Amino acid sequence: MSSTRTVVLAGASGFIGTYFRRRLEQDGWTVRTIGRKGAKSSPAATWEDDDAGLARVLDGTELLVNLAGRSVSCRYSARNKAAIMESRVSTTAALRRAVALCRQPPSTWLNASTGTIYRNATDGPQTERDGELGTGFSVDVARAWEAELEAATTPGTRKIPLRIAIVLGPGGGALRPFANLARLGLGGRMGPGTQKFSWIHVEDLYRTVLFVHARKDITGPVNVASPDVVDNRELMRMVRRAYRARFGVPTPAWLLRLGARLIRTETELVLKSRWVQPQKLLDHGFVYSQPELGRALLQIAKGTP
């Protein structure tokens, strides 16, 4: 079985997964998907399959990209916390078992993780080498996610956790709530406004996957973020400009927490200071297609890639 330009995409139904599948096919890859039973995308295998069934889809492929995981845009009730954790750890564990069964396993396994694994940082950037891990539920999830990947014994497969910053792009991503607030005139600073905002355009996330796969000398966790980190005050100024909002009323932290309860989500997205430095990508010469937040927001607002 030839392994030339065949990729397995696990978790292909969300905003990022849908974008990846389209771009991979445009770039000439044969894409096999793993997803939920009954999914509209008709995956080649489902998480309900046994290990051998998953292994048949993986065997002979070149690249495995795992993006599976339930959305964290919800209230962190005990039930939702369990579902968020399980959706990441159990799928990674299933892939671990399946890769071990392959006669010709993928040469690279890129597994989603999150840049929120680092502490609330306002005093300096967090790199792969010297970044300090944080505390709390989201960090616990990230640690467990990466630990499951690390536990996989895959001598023929290089495993890389991708610590992904907030993903922006046309038609979806994490920008929507910011844009909606700006349109309503509530696009001012959120909370103190000094918290850092690390981000990555979905196209650069896609290009990072291909870059890391091609660079066999890259090992260990990789921070996937733009080096153009801004604070929340600057972020909201750029959002207002992109969506032509004349003014933006600041939102104090207590009001954000009240609003989050009403729409059943958490305020961590906007109140935690994320300062993720993509040191490995920079050291290896990765070139961003969307390096500047202001320009990226203008293009996203216009609906262009």
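**Close-up views of a predicted model**

**Figure 1. Helix α6 is mostly covered, with 10 of its 13 residues buried.** The model shown here and in the following views is predicted. Helix α6 runs over residues 202-214. From its first C-alpha to its last, α6 reaches 19 Å, close to the 18 Å expected at 1.5 Å a residue. The buried residues of α6 are Val202, Glu203, Asp204, Leu205, Tyr206, Thr208, Val209, Phe211, Val212 and His213. In an α-helix there are 3.6 residues a turn, so residues three or four places apart point the same way.

**Figure 2. Helices α7 and α11 pack at an angle of about 35°.** Helix α7 comprises residues 232-242, and helix α11 comprises residues 293-301. The axes of the two helices lie 9 Å apart, and the crossing of α7 past α11 is right-handed. On the side of α7, the contact is made by Leu235, Met238, Val239, Arg241 and Ala242. On the side of α11, Leu293, Gly294, Arg295, Leu297, Leu298 and Ala301 take part. Taken together, the residues of this contact divide into 8 nonpolar, 1 polar and 2 charged.

**Figure 3. Asn111 lies in strand β5.** Strand β5 spans residues 108-114. Asn111 has a relative accessible area of 2%; because buried means under 20%, Asn111 counts as buried. Its neighbours within four places in sequence are left aside in the contacts named here.

Terms used:
Residues numbered from 1 in each chain as written. Predicted model: local features only at pLDDT ≥ 70, side-chain atom pairs only at ≥ 80, totals over all residues. Heavy atoms only, no water. Helix = DSSP H or I, 4+ residues; strand = E, 2+ residues; numbered from the N terminus. Buried < 20%, exposed > 50% of the residue type's maximum accessible area, 1.4 Å probe, protein only. Contact = heavy atoms within 4.5 Å. Axes fitted to C-alpha atoms, helices over the stretch in contact; angles between N-to-C directions. Left-handed = near helix turned anticlockwise from the far one by under 90°. Nonpolar A, V, L, I, M, F, W, Y, C, P; charged D, E, K, R; others polar. Expected span 1.5 Å × (residues − 1).
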